[in-house]
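Let us walk through this protein together, one feature at a time. Please have the sequence and the 3D view ready as you read.

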Amino acid sequence: MSPDLPARGSFESLRQFIDHLERVGDLVRIRERVSPHLEITEIADRVMKSPGGGKALLFESVEDATMPVAINLFGSRRRMAMTLGTERPADITEEILGILDPGQASSLMDKLKMLPKLKSIADAKPHVVKRGPCQEIIVDPP
């Protein structure tokens, strides 16, 4: 596994993933003020048409916005591999298909061997929380 490829499930937040992209040189920060009306789209479109899908973009100063805008975070095979923690994203598909194949586990021992794989799928489901970071700032509509 390459050094910029973390273990599967190692990103606990989008912020961690963006920080990782910056460390490995796969993120461009755009500090100039940009308009959310067509300007971001135009810049992103040009970058995404680059060979390999281009770099991820983080617009830090967007007109009439209080938060930055991230685009093209998952726009290349390399970045998808980073999020999935594997060199080949197709490995994930093969793993899931192997678990779902009912003919694979014929004996009790085979079924017991599948338990860790089934647990990893169960662990991948979303976690329900009462409060999340997205609820820290509440803005009443005008």
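To describe how helices pack, we use axes, which are lines fitted to C-alpha atoms, for helices over the stretch in contact, with angles that run from 0 to 180 degrees between N-to-C directions. Helices (H or I, at least four residues) and strands (E, at least two) are DSSP runs, numbered from the N terminus.

The model you see is predicted, so local features need pLDDT of at least 70 and side-chain atom pairs count only at pLDDT 80 or more, while totals for chains, interfaces and linings use all residues. Residues are numbered from 1 along each chain as its sequence is written, and side-chain values use heavy atoms, with hydrogens and water left out.

Start with the overall plan. The protein has five helices and three strands, and from the N terminus on its elements follow the order α-β-α-β-β-α-α-α. Of its 142 residues, 25% count as buried; buried means under 20% relative accessible area, exposed means over 50%, and partly exposed lies in between (1.4 Å probe, protein chains only). A contact means heavy atoms within 4.5 Å. Among the contacts with a separation of 6 or more, 57% are between residues 24 or more positions apart.

Now look at α1 and α3. Their axes are 12 Å apart and the helices pack at an angle of about 130°. That angle makes α1 oblique to α3, because angles under 35 degrees count as roughly parallel, over 145 as roughly antiparallel, 65 to 115 as roughly perpendicular and the rest as oblique. Which residues of α1 and α3 meet? From α1 come F17, H20 and L21, and from α3 come R79, M82 and T83. These residues divide into three nonpolar, two polar and one charged. Here Ala, Val, Leu, Ile, Met, Phe, Trp, Tyr, Cys and Pro count as nonpolar, Asp, Glu, Lys and Arg as charged, and the others, Gly among them, as polar.

F17 also leads us to the aromatic rings. Rings of Phe, Tyr and Trp (its six-membered ring) pair if their centres lie within 6.5 Å; planes under 30 degrees apart count as stacked, over 60 as edge-to-face and the rest as tilted. Searching the whole structure gives two aromatic pairs. F11 and F17 have ring centres 5.1 Å apart and planes at 75°, so they are edge-to-face. F17 is buried at 2% relative accessibility, whereas F11, at 21%, is partly exposed. F17 and F74 are stacked, with 5.4 Å from centre to centre and 5° between the planes. This pair links distant parts of the chain, with F17 in α1 (residues 14-23) and F74, 57 residues apart from it, in the loop between β3 (69-71) and α3 (77-84). F74 is partly exposed, with a relative accessible area of 46%. Together, ring pairs link F11, F17 and F74 into a cluster.

Finally, visit two loop residues. N72 lies in the loop between β3 and α3; its phi is positive, about 65°, although it is not a glycine. D64, in the loop between β2 (56-59) and β3, has a positive phi near 60° and is likewise a residue other than glycine. Is each of them buried or exposed? N72 is buried at 11% relative accessible area, and D64 is exposed at 79%.
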